[in-house]
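Here is a quick tour for anyone opening this structure for the first time. Have a look at it, then read on.

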Amino acid sequence: MTKTARAHTNIALIKYWGKADEQLRLPLMSSLSMTLDEFYTDTQITASHSGNHFFLNDIEQTGSSAQRVFTYLKKLQVQFKVTGELTVKSTNHVPTAAGLASSSSAFAALAAAFCAYYKLQVDRRELSRLARLGSGSASRSIYGGFAVWQKGTDDLTSYAYALNEKPQMDLHLLAIELNQCPKKLSSTGGMKQAKSSPFFKPWLARNQEELRQMIAAVKNNDFTCLGQLAELNASEMHAINLTAQPGFTYFEPDTIKAIKLVNQLRTAGLECYYTIDAGPNVKVLCQLRNVKEITNSFVSEFKNAKIVHASFGPGISYLD
Ligand code: 2P0
């Protein structure tokens, strides 16, 4: 038997950046994301007679990425009292040009393929919880459109829900890949270090209010409010990193140049906002009518940058 699931990546507009429990991947804050149409992972599970195998883009993986997948599968097998050796084949449709992390789509697709393979009766809330155990941001990739991951208080209460799966908002994202070097500090490592910032607690204290405002912006179809809040929240996350003890940053010189360009474009009347994850690349939020002009400005400022235009993507789907 073969089961294949597809999950799209998401970009957090209110960021998850701190764990309350590393094993269970329980977050210290709630987060809100937009699922993206252009980037997704297809994951197929079949039975194996020669131990577990993990193929990524047709290449068998043997290192830590394979171990992470096998450990995760074992955890789910123990939880659901099922057994068997498995071959997992994942294909990432996340263009290298995007500079977007694929762990959100990877673990959402893996959780869904696992449940389909074993014919487990799980609803999307449960699926979100299971995806979270693989990678925190994966909990949000179960849904299309806008999703909220409520932090909860324990394993059973920390999952994402759909805020609006068919948004009418005119919201587009330009993923600007400025730098292709692998990041020096993993998200897990960065989150751990960030906790030492004197501003970490105040930031955490703001989470519920920031989330409330962002949910209101989504409900009111208010692009300006959404963009302003997303940019502020991302800047707060990176300020926490800079002020950690010791401080660090994912920014490169081109990241700052891109931030300045967003500010210039906005001053010139092209409304756009940035958000930045655990890496140097910048994602620009804008409306459809300005996509072309903003893209052209980035192309002329960054000769080697690759730019991918995305909008809202769907939730989990099954391909067989
Ligand atoms: C997010 N990021 O909310 C935040 C914003 C990066 C910056 O979730 O350790 O791969 O697997 O739970 O989900 C990236 O971290 O972390 C991330 P783990 P994950 O999207």
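Predicted model: local features only at pLDDT ≥ 70, side-chain atom pairs only at ≥ 80, totals over all residues.

## Cysteines

How many disulfides does a search of the whole structure find? The search comes back with 0. A disulfide is a covalent bond between the sulfur atoms of two cysteines. Take Cys225: the closest cysteine sulfur belongs to Cys272 and sits 17 Å from the sulfur of Cys225, so the two are too far apart for a bond. Cys225 counts as partly exposed, at 27% relative accessibility.

## One face of helix 8

Helix 8 covers residues 291-301, and its buried residues are Val291, Ile294, Thr295, Ser297 and Phe298. Look down the helix axis and these buried residues fall within an arc of 160 degrees, so they line one face of helix 8.

What covers the buried residues of helix 8? The cover includes helix 7 (253-267) along with several strands, among them strand 10 (172-177), strand 11 (272-275), strand 12 (282-286) and strand 13 (306-310).

## Two loop residues

Ser48 is found in the loop that runs between strand 4 (31-47) and strand 5 (53-56). Is Ser48 buried or exposed? Its relative accessibility is 8%, so Ser48 counts as buried. The Ser48 side chain reaches the backbone oxygen of Gly51 at 2.5 Å. Setting aside neighbours within four places in sequence, Ser48 is in contact with His53, Glu85, Leu86 and Thr87.

With a relative accessible area of 41%, Lys195 is partly exposed. Its side chain reaches the backbone oxygen of Lys19 at 2.8 Å. Beyond neighbours within four places in sequence, Lys195 is in contact with Lys19, Leu28 and Phe200. Gln245 is 50 residues away from Lys195 along the chain, and the C-alpha atoms of the two are separated by 8.7 Å.

## Empty space inside

Rolling a probe the size of a water molecule over the atoms shows where empty space is left. Here the count is 1 cavity of 30 Å³ or more, and the largest cavity holds about 40 Å³ of space.

Which residues line the largest cavity? They are Ile14, Lys15, Met29, Trp203, Leu204, Asn207, Glu210 and Asn233. Helix 5 (residues 200-219) gives the most to this lining, with 4 residues.

Notes:
Residues numbered from 1 in each chain as written. Heavy atoms only, no water. Buried < 20%, exposed > 50% of the residue type's maximum accessible area, 1.4 Å probe, protein only. Polar contact = N/O pair within 3.5 Å; in protein donor to acceptor, adjacent residues only side chain to side chain. Contact = heavy atoms within 4.5 Å. Arc of directions from axis to C-beta. Disulfide = S-S within 2.5 Å. 1 Å grid on protein atoms, 1.4 Å probe; cavity = no way out; pocket = protein on both sides within 12 Å on 5 of 7 lines; lining within 4 Å. Points joined across faces, edges and corners; volume = space filled by probe spheres on them.
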